[in-house]
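Thanks for coming. Please have the structure open while I speak.

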Amino acid sequence: MKKILFIATLLVLASSTFAQTANELVAEGKKLVSQFKQKDALDKFEAAITKDGANVEALHNASFMLSQLGEKQKEIAGKKTYFEKAREYAQRAIKANDKEDEAHFVYAVALGKLSLISGSEEKLKNAKLIKSEAERTIQLNPKHAGAYHILGRLNREIANMSSIKIMAAKSLYGGVPEGCSFENAEKYFDKAMELRPNYILYHYDAAVNYEYMDKDDKAKALLQKAITLPMQVPEDPFRVNDCKKLLASL
């Protein structure tokens, strides 16, 4: 009897999901995101995509969830699978609506995640595209904090590259984005923190940049503030630990 009731319950839930519109599924997914239930949220977004393959909101939300969940995979192969799917959904979102700022943002995020698990060649190859997608995001939405953060990290990473790697990039991939520097990274991180002042990640990355610039006092101030900020996303406890480790090393 219990088995019959269980099967009946599953059938009811399945029929309920089937009856929902793509937009209703997206709304449920966004609610689950606010509850830190990322995997469940992804399931809702992908169900919405199944119903409407050109639903931009479902596509860019699914892409971002995949980038977040990919970080939690232990093996590089698993991370790559998630990030490549995130890239695919982002590309589909842009194709569906090129004027959707979040579509360009999540594309830059997915490319950035793939670069982090790839060798120097892949990082250099993606650099210009990441920059252009982040800049397109800002063009569409000048108050997009995440896009400024991406540009900050891009400037920091390229500024920290050896001249040999940059010269190799010029011959192999037509070069890396011009004018990247720690000073430009600082400006982008400052803008990201201005637009989203209580986000721990932005403070941490800005502090790392100050460390590279030998501005330890400024780095310490940001890190001390970061560890007092409220937790907003599931990754924040780990980010606080990163802040504490960096603070102890300065």
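Let us start with Glu135, which is partly exposed, at 34% relative accessibility. Before I go on, keep in mind that this is a predicted model.

What does the side chain of Glu135 meet in a salt bridge? The partner is Lys131, and the distance from N to O is 2.6 Å. Lys131 also counts as partly exposed, with a relative accessibility of 24%. Both residues sit in helix α7, residues 120–140, and four residues separate Glu135 from Lys131 in position, about one turn of the helix.

In general, side chains of opposite charge can pair when their charged atoms come close.

Now go to helix α3, which covers residues 38–51. There, Lys39 and Asp43 are four residues apart, so about one helical turn separates them. Their side chains form a salt bridge, at 2.9 Å from N to O.

The next pair is in helix α13, residues 236–249. Arg239 forms a salt bridge with Asp236, and their closest N and O atoms are 3.4 Å apart. The two are three residues apart, again about one helical turn. Here Arg239 is buried, with a relative accessible area of 12%. Asp236 is buried too, at 0% relative accessibility. Both count as buried because the cut-off is under 20%.

Some salt bridges join up. Arg153, Arg156, Glu157 and Asp205 are linked in a network of them. How many salt bridges does the count come to? It comes to 14.

That leaves the helix pair. Two packed helices are described by the angle between their axes and the distance between the axes. Take helix α4, residues 56–71, and helix α5, residues 76–96: their axes come within 8 Å and cross at roughly 160°. That angle makes α4 roughly antiparallel to α5, because anything over 145 degrees counts as such. The crossing of α4 and α5 is left-handed.

Which residues make the contact? On α4 they include Val56, Leu59, Ala62 and Leu66. On α5 they include Tyr82, Phe83, Ala86 and Tyr89. Sorted by type, the residues of the contact of α4 with α5 are twelve nonpolar, four polar and four charged.

That is the end of my part.

Technical notes
Residues are numbered from 1 along each chain as its sequence is written. This is a predicted model: local features need pLDDT of at least 70, side-chain atom pairs count only at pLDDT 80 or more; totals for chains, interfaces and linings use all residues. Side-chain values use heavy atoms; hydrogens and water are left out. A salt bridge is a side-chain nitrogen of Lys or Arg within 4 Å of a carboxyl oxygen of Asp or Glu. Buried means under 20% relative accessible area, exposed over 50%, partly exposed in between (1.4 Å probe, protein chains only). Axes are lines fitted to C-alpha atoms, for helices over the stretch in contact, and angles run from 0 to 180 degrees between N-to-C directions. Angles under 35 degrees count as roughly parallel, over 145 as roughly antiparallel, 65 to 115 as roughly perpendicular and the rest as oblique. A crossing is left-handed if the near helix is turned anticlockwise from the far one by less than a right angle, and right-handed if clockwise. Contact means heavy atoms within 4.5 Å. Ala, Val, Leu, Ile, Met, Phe, Trp, Tyr, Cys and Pro count as nonpolar, Asp, Glu, Lys and Arg as charged, and the others, Gly among them, as polar.
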